[in-house]
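Read the paragraphs below with the sequence and the model side by side.

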Amino acid sequence: MSGTLTVPRAAAGAWLPRLAWAALIYNVLVILWGAVVRITGAGAGCGDHWPLCNGVVIPQSPTLHTVIEFSHRLTSGASGLLAIALVALAFRSTGRGHPARFGAVLSLGLIILEGLVGGVQVLLGLTADSTDPARGFVQGIHLANTFLLLGALLLTALWASGEPGLRLRRQGLVGAWSYVGLGLLLVLGMAGAVTALGDLLFAPAASSTPIETVKRDFGVTASVIENLRVVHPMLAVLTSAFLVWLGVFLRRERPGAGTNRWSAAVWALLGAQMVAGFANVALKAPGWMQLTHLLLACALWLATVMLVYRALSALRVQPRAAGRSTPDATPNRSREVNV
């Protein structure tokens with residue numbers, strides 16, 4: 001009897017990390033397809049109906065925009081099914097308190113929230129050619145939730161693969177500055193979402209210069225979305241400088257192969273993202289360049305999460321002789337999520 005139960009549990013444990021990594025990669029692709037929906041103006045392809053499409057489950061005689069929007073809904077729905085399977089597999093193959101369980105449940109919650117935010121956009125008509133300032137706000141929230149979802153899926157994949165859990169408390173300046181870095185990158189992504197929306201709705205004239213575009217963004221008739229477009233490049237410079245410093249700081253405070261590897265990855269992606277940003281402005285934000293910029297943004301976010309994870313998980317608290325504790329840089333292999 002016990003033998004028949006052990007085999008499925010072992011098989012589930014082998015499949016858990018594979019499913020977690022697959023879910024992460026799949027969701028990156030769904031995010032890029034969502035950007036295609038925005039770039040093509042197909043967000044209203046299903047009308048103002050949600051979760052139905054033009055009032056029906058399966059649209060009849062669909063237009064191209066309907067096909068694009070409906071396919072995005074299908075792929076998003078599939079990501080929800082993946083998240084449910086991930087939760088079921090995590091609870092089947094791991095014990096009580098295992099961080100993979102927490103990560104899987106968090107990922108499912110964020111996917112549900114992602115769908116609800118998308119539904120709000122549709123029901124309020126904040127799609128296609130809508131220039132309502134509320135659309136920029138919702139777009140920023142959508143991007144922030146997307147980044148948090150990718151971070152949760154990444155941590156779930158790491159924990160499912162046997163990596164240690166995290167202790168968020170008593171990390172000192174390493175924790176504080178790491179959280180600042182993640183927060184700045186999150187705000188930068190939100191500003192980037194608004195900027196991308198502005199590039200779609202208020203595309204710069206083919207013959208205009210960047211200075212002329214900025215002047216127009218602050219003209220008397222300019223909308224809030226146009227006003228905010230200049231914020232993104234300013235935040236990009238500030239955030240990039242901070243992340244470069246953060247990599248140096250973490251290398252010094254939590255030295256190790258993981259910290260060195262991921263700080264180098266963050267720096268490389270920052271350089272690539274800067275080049276992509278300048279190219280995006282110079283080329284007047286063509287669709288393919290926006291997709292490249294978004295893909296690099298996702299990669300930079302994930303690399304930064306990895307850097308912070310390696311730095312925070314490099315701390316272990318050992319008891320002193322007098323019963324007090326002191327930190328050291330030995331990796332904590334505990335599987336508990338201690339916050």
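Q273 counts as buried because its relative accessibility is 13%, where buried means under 20% relative accessible area, exposed over 50% and partly exposed in between, computed with a 1.4 Å probe on protein chains only. Q273 belongs to helix 9, residues 257-282. Helices here are DSSP runs of H or I with at least four residues, strands are runs of E with at least two, and both are numbered from the N terminus. Setting aside residues up to four places away in sequence, Q273 touches H293, L296 and A297; a contact means heavy atoms within 4.5 Å.

The model is predicted, so local features need pLDDT of at least 70 and side-chain atom pairs count only at pLDDT 80 or more, while totals for chains, interfaces and linings use all residues. Residues are numbered from 1 along each chain as its sequence is written, and side-chain values use heavy atoms, with hydrogens and water left out.

A160 lies in helix 4. Leaving out neighbours within four places in sequence, A160 is in contact with L16, P17, A20 and A100. A160 and W21 are 139 residues apart in sequence, yet their C-alpha atoms are 9.2 Å apart in space.

Charged side chains come next. Side chains of opposite charge can pair when their charged atoms come close. A salt bridge is counted when a side-chain nitrogen of Lys or Arg is within 4 Å of a carboxyl oxygen of Asp or Glu. By this rule there are four salt bridges, and three of them are described here, starting with E69 and R73.

In the salt bridge of E69 with R73, the closest N and O atoms are 2.9 Å apart. Both residues lie in helix 2 (residues 64-93), four residues apart, which is about one turn of the helix. E69 and R73 are both buried.

R310 and E163 also form a salt bridge, at 3.0 Å from N to O. This pair links distant parts of the chain, with R310 in helix 10 (residues 287-312) and E163 in the loop between helix 4 (133-160) and helix 5 (172-201), 147 residues apart. R310 counts as partly exposed because its relative accessibility is 21%.

The side chains of D199 and R229 meet in a salt bridge of 3.1 Å, N to O. D199 lies in helix 5 and R229 in the loop between helix 7 (224-228) and helix 8 (231-253), so the pair ties together parts that are 30 residues apart in sequence. D199 and R229 are both buried.

How do helix 4 and helix 5 pack, and at what angle? Their axes are 8 Å apart and the angle is about 135 degrees; axes are lines fitted to C-alpha atoms, for helices over the stretch in contact, and angles run from 0 to 180 degrees between N-to-C directions. Helix 4 and helix 5 are therefore oblique to each other, since angles under 35 degrees count as roughly parallel, over 145 as roughly antiparallel, 65 to 115 as roughly perpendicular and the rest as oblique. Among the residues that make the contact are F147 and L148 of helix 4 and M190 and V194 of helix 5. The residues of this contact divide into 13 nonpolar, four polar and one charged. In this grouping Ala, Val, Leu, Ile, Met, Phe, Trp, Tyr, Cys and Pro are nonpolar, Asp, Glu, Lys and Arg are charged, and the others, Gly among them, are polar.

Some backbone angles deserve a look. Most residues other than glycine have a negative phi, and most peptide bonds are trans. A cis peptide bond joins W50 and P51, with omega of about 5 degrees. P51 is in the loop between helix 1 (2-39) and helix 2. K284, which is not a glycine, has a positive phi of about 65 degrees, and A285 has a positive phi near 55 degrees. K284 is found in the loop between helix 9 and helix 10, and A285 lies in that loop too. K284 counts as partly exposed because its relative accessibility is 26%, whereas A285, at 11%, counts as buried.

Finally, the whole chain. It has ten helices and two strands, in the order α-α-α-α-α-α-α-α-α-α-β-β along the sequence. Of its 339 residues, 47% are buried.
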